[in-house]
Amino acid sequence: MKRLLALFTAALLLTGCGYNDFQRLDEQSKAAWSEVLNQYQRRADLVPNIVATVKGEASFEQDTLTKVIEARAKATSIQVTPETLSDPTAFARFQAAQGELSGALSRLMVVAERYPTLQANQGFRDLRVTLEGTENRITVARNRYIQTVQKYNVLARSFPTNLTAMAFSYAPKPSFSVQNEAQITAPPAVDFSASKP
């Protein structure tokens, strides 16, 4: 009878300590991260099609294409495991590689604007729309991941669930960060003082 009472008491204490919440939020963050990876893979799969279309339509700037191809290779070469979510250094490397690919694709789209025959190509236009949609999906997936990690981290730092976090070594999870935060927080310089030709 004492043993049954002890088990019942332990179960009652565990339900109030947040253990199940940690499990639920940990699984939600893994699922949200998987969706981020899914969207990154979708983008990586589009890159060869975009590069092939651009190569076929214009005597294009080879340097820009090379940078896109290299950035895609780097972004897809990083092995992502569930442990990546717990290792801030590995997480930062992955984010940096994805950021390089985003930057290279942005430069490609800007340079592509200079080629009217490329802009007239229906295949390129379709790929561009698909890429823009994928970038939007990546943003939504990142936001969901950030929200889930925030809930997990609040649980890990709040009393009394922080005691459970310490007992089971549930460390706060890293969230997305911006590589060039100082640059993007500065207001853009707008100068209307240039004289007209």
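## Overall make-up

From the N terminus on, the elements of the protein chain run α-α-α-α-α-α-α-α, which amounts to 8 helices and 0 strands, where helices (H or I, at least four residues) and strands (E, at least two) are DSSP runs numbered from the N terminus. This is a predicted model, in which local features need pLDDT of at least 70 and side-chain atom pairs count only at pLDDT 80 or more, while totals for chains, interfaces and linings use all residues. Residues are numbered from 1 along each chain as its sequence is written, and side-chain values use heavy atoms, with hydrogens and water left out.

## Packing of H6 and H7

Helix H6 (residues 122-157) packs against helix H7 (residues 161-168) at an angle of about 95°, with the axes 5 Å apart; axes are lines fitted to C-alpha atoms over the stretch in contact, and angles run from 0 to 180 degrees between N-to-C directions. The two helices are therefore roughly perpendicular to each other, a term that covers 65 to 115 degrees. Leu 155, Ala 156 and Arg 157 of H6 make the contact with Thr 161, Asn 162 and Ala 165 of H7, contact being heavy atoms within 4.5 Å.

## The two sides of H7

The buried residues of H7 are Thr 161, Asn 162, Thr 164 and Ala 165. They cover an arc of only 155° around the axis, which puts them on the same side of H7, the arc being that of the directions from the helix axis to the C-beta atoms. On the other side of H7, Met 166 and Ala 167 are exposed. After H7 comes Ser 169, whose phi is positive, near 60°.

Notes: Parallel < 35°, antiparallel > 145°, perpendicular 65-115°, else oblique. Buried < 20%, exposed > 50% of the residue type's maximum accessible area, 1.4 Å probe, protein only.
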